[in-house]
Each structure stands twice: as structure tokens, then as C-alpha cells.
Amino acid sequence: MANAREIRRHMKSISNIGKITKAMKMVAAARLRRAQERAAASRPYAIKIKEVLSHVVADEGILAGLDIKRHPLLQQRAEIKRVAYLVMCSDKGLAGAYSSNVLKMAAAEIAACDKEVVVITSGRKARDYFLHRGYTVLNSHMGFSDRPQYTNAADIAKDAAKRFADGEFDELRIVYTIFKTALSQIPTVEKILPVEPPAKDSKAGEQANASFMFEPSEDEILSALAPKYLETVIFAALVQSAASELGSRMTAMTSATDNAAALVANLELSYNKARQAGITRELNEIVGGVEALAQSQE
């Protein structure tokens with residue numbers, strides 16, 4: 001059994017860790033509300049712009065009048081040879097199972113894909129995971145996982161669009177986490193390139209025959225709209241992932257703080273027992289010494 005001094009030193013260490021986790025919980029909670037608002041605000045716009053482009057590529061009349069070389073993001077490849085996965089994860093740890101959940105989802109999707117696979121990562125954890133396992137990582141984006149800006153999404157989109165246009169891959173899928181609550185985040189996979197027509201059995205498919213009027217022209221509008229679509233979808237995924245990371249971190253730090261408090265309470269009980277045992281031992285030694293002195297004097 002450890003002595004009272006060792007237990008007291010351990011109590012102080014655990015108490016300091018509890019203070020750190022409590023501070024991290026408060027920081028994550030303060031930033032979570034803002035991140036949650038951004039996630040909720042960005043998702044409807046991303047859904048709508050994807051719906052509009054889906055209707056456009058479903059309209060053969062519009063596509064027939066386009067120079068497809070000017071719109072590579074709308075080009076349907078005759079054969080899918082290589083698939084790219086854009087995996088969004090965290091830069092830092094201490095966020096519970098957030099990173100592991102999205103990486104497990106990505107690994108399962110890649111394993112189920114029967115095409116050649118390449119990876120683009122957002123977040124240090126994703127980069128390290130795929131590099132250590134020998135995957136082909138085309139590019140890594142880091143340093144903004146918990147506070148992404150639109151410029152970060154634009155940089156990722158520009159890089160992905162160039163690689164898609166250059167033929168480095170024929171299809172782009174994004175793996176990220178949808179924020180529901182601080183206790184619930186759902187890893188998901190979406191295909192974002194090339195833009196596909198809406199499913200015929202969906203409500204969007206029923207509206208696919210809607211006509212569009214372009215001013216000044218289809219070429220000019222779609223030249224701006226297609227890259228904007230990619231940026232918007234990626235930004236919406238980034239803010240969803242950021243909210244999920246902060247929610248998971250807040251939950252993990254809350255649990256860690258509670259566990260630290262419980263451990264300190266248990267250690268305090270052990271400390272009191274050790275201290276009482278030490279006092280009892282000292283009293284026994286004193287009594288024994290007195291008796292030995294008395295017997296020697298007799």
C-alpha cells in the first residue's frame with residue numbers, strides 16, 4: 001500500500017488534470033453553440049445548390065449547348081477507374097470517439113470499393129491514419145478542423161477540382177460527420193463529383209424537367225456555379241465536422257472531469273486510511289518505547 005505522501009502527490013496530480021479537463025470542457029461548450037449555428041445555417045444552402053446542379057445535368061438540352069471542356073465538374077466519366085475519398089477528421093485528440101468513428105467509416109467504405117482508391121485528408125488525425133497504413137494520400141489539409149473558414153473550403157475545393165479535371169481520379173466522395181447533438185454525431189459518406197442527376201424515384205426527380213433560364217448564358221453561369229457548388233458542399237461538411245468535434249470534446253471532457261473528481265474522492269479515503277495507520281503505528285511505537293524504558297529501569 002502506498003504511503004500517505006505518495007497518495008497525496010497522486011491526489012494533487014489528478015486534481016490538476018481535472019482542472020485542465022474542466023477548462024477544456026468550458027472552452028468547447030462556449031464554442032459549440034456558434035459552431036452549431038454555422039452548421040445549421042450552411043446545410044440548407046448546400047442541399048439547394050446541389051439540387052439545382054442536379055437538375056441542370058438532368059437537362060439534356062442544357063448540356064448539349066455546353067462546351068464540356070469548360071465544365072469538367074459536370075462531366076460524366078465513361079468509366080470509373082479511380083475513386084478519391086475526402087476524409088474530414090480532427091487535428092487534435094481528446095475528442096472522444098469522434099476521430100475513430102469517421103476513420104472507421106472511411107476504412108469500411110474504402111474496403112468495400114472495387115476501384116482503385118486515393119485519399120485527400122482534412123485534419124492531422126486523418127493524414128496520420130492513412131499514411132501509416134500505406135494509402136495514396138494526394139494532399140493533406142490541416143490546422144483548422146475545429147474552426148474552419150470558407151477560405152479553407154475554397155482551397156480544398158480548388159485542389160480537388162483541379163485533380164478531378166486533370167484525371168487524377170474519376171469520382172470524389174466525401175466522408176464527414178453530421179452533427180445532431182453533443183452526444184450524437186453521425187459519420188456519413190456522400191458522392192459530390194461528378195454531379196449526378198436526381199434519382200427518378202425522388203421528389204427532386206419529379207422536378208427534374210423544370211426549365212431553367214440563364215442570363216447572361218449557360219456557359220458563364222455554370223462556370224461560376226459549379227466551383228461554387230463544390231466549395232459550398234465542402235464548407236458545409238467542414239462546419240458539420242467542427243460542430244461534431246467540439247460536441248464530442250465537450251462530452252469527453254465532462255466525463256474526464258467527473259472521473260477525476262471520483263478518483264480524487266477515492267484517493268482521499270485511501271489517504272485518510274494511510275494517515276490513520278501511520279498515526280496508529282507511531283502511537284504503538286511510543287507505547288512500546290515507554291514500556292521498554294520502564295522495564296529497563298526496573
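This is a predicted model: local features need pLDDT of at least 70, side-chain atom pairs count only at pLDDT 80 or more; totals for chains, interfaces and linings use all residues.
Biologist: Okay, then why is Leu94 called exposed?

Modeller: Its relative accessible area is 55%, and the cut-off is over 50%, so Leu94 is exposed. You'll find Leu94 in the loop between E1 and H3.

Biologist: What makes the phi of Leu94 worth a mention?

Modeller: Leu94 has a positive phi of about 60°, yet it is not a glycine. Most residues other than glycine have a negative phi. There's also a positive phi just after H4, about 80°, but that one belongs to Gly134.

Biologist: Which bond is cis, and what is its omega?

Modeller: The peptide bond joining Leu193 and Pro194 is cis, with omega at about -10°. Pro194 sits in the loop between E5 and helix H6.

Biologist: Why do you say the buried residues of H4 line one face of the helix?

Modeller: The buried ones in H4 are Ala126, Tyr129 and Phe130. Looking down the axis of H4, they fall within an arc of 85°, so they line one face. What they pack against is strand E1, helix H3, strand E2 and strand E3.

Biologist: Why is Phe130 called buried?

Modeller: Phe130 has 0% relative accessibility, and buried means under 20%, so Phe130 counts as buried. Tyr135, at 28%, counts as partly exposed.

Biologist: What about Phe164 and Phe169: what kind of aromatic pair do they form?

Modeller: A tilted one: their centres are 6.0 Å apart and the angle between the planes is 45°. Stacked would need under 30 degrees and edge-to-face over 60, so tilted is the class left.

Biologist: How many residues does the largest nonpolar core have?

Modeller: It has 43 residues, and those with the most contacts inside it are Tyr229, Leu230 and Ile234. H7 supplies the largest share of this core, 13 residues. Tyr229 touches Ile49, Lys50, Leu53, Ile192, Leu193 and Val195, leaving out residues up to four places away in sequence. A second, separate core has 17 residues, including Cys89 and Cys113.

Biologist: How many disulfides are there, and how do you know?

Modeller: The sulfur atoms of two cysteines would have to lie within 2.5 Å, and by this rule the count is 0. Cys89, at 3%, is buried, and Cys113, at 14%, counts as buried too.

Biologist: Why does Ser241 count as buried?

Modeller: Its relative accessibility is 3%, and the limit is under 20%, so Ser241 is buried. Ser241 is in helix H7. Apart from its neighbours within four places in sequence, Ser241 is in contact with Met88, Tyr98, Tyr176 and Thr177.

Biologist: Last one: what makes E4 and E5 a pair of strands?

Modeller: Pairing takes at least two bridges, and 9 bridges join E4 to E5, which run antiparallel. A hairpin of 2 residues connects E4 to E5.

Note on methods:
Residues are numbered from 1 along each chain as its sequence is written. Side-chain values use heavy atoms; hydrogens and water are left out. Buried means under 20% relative accessible area, exposed over 50%, partly exposed in between (1.4 Å probe, protein chains only). Helices (H or I, at least four residues) and strands (E, at least two) are DSSP runs, numbered from the N terminus. The arc is that of the directions from the helix axis to the C-beta atoms. Contact means heavy atoms within 4.5 Å. A nonpolar core is a set of buried Ala, Val, Leu, Ile, Met, Phe, Trp, Tyr and Cys residues joined through side-chain atoms within 4.5 Å. Rings of Phe, Tyr and Trp (its six-membered ring) pair if their centres lie within 6.5 Å; planes under 30 degrees apart count as stacked, over 60 as edge-to-face and the rest as tilted.
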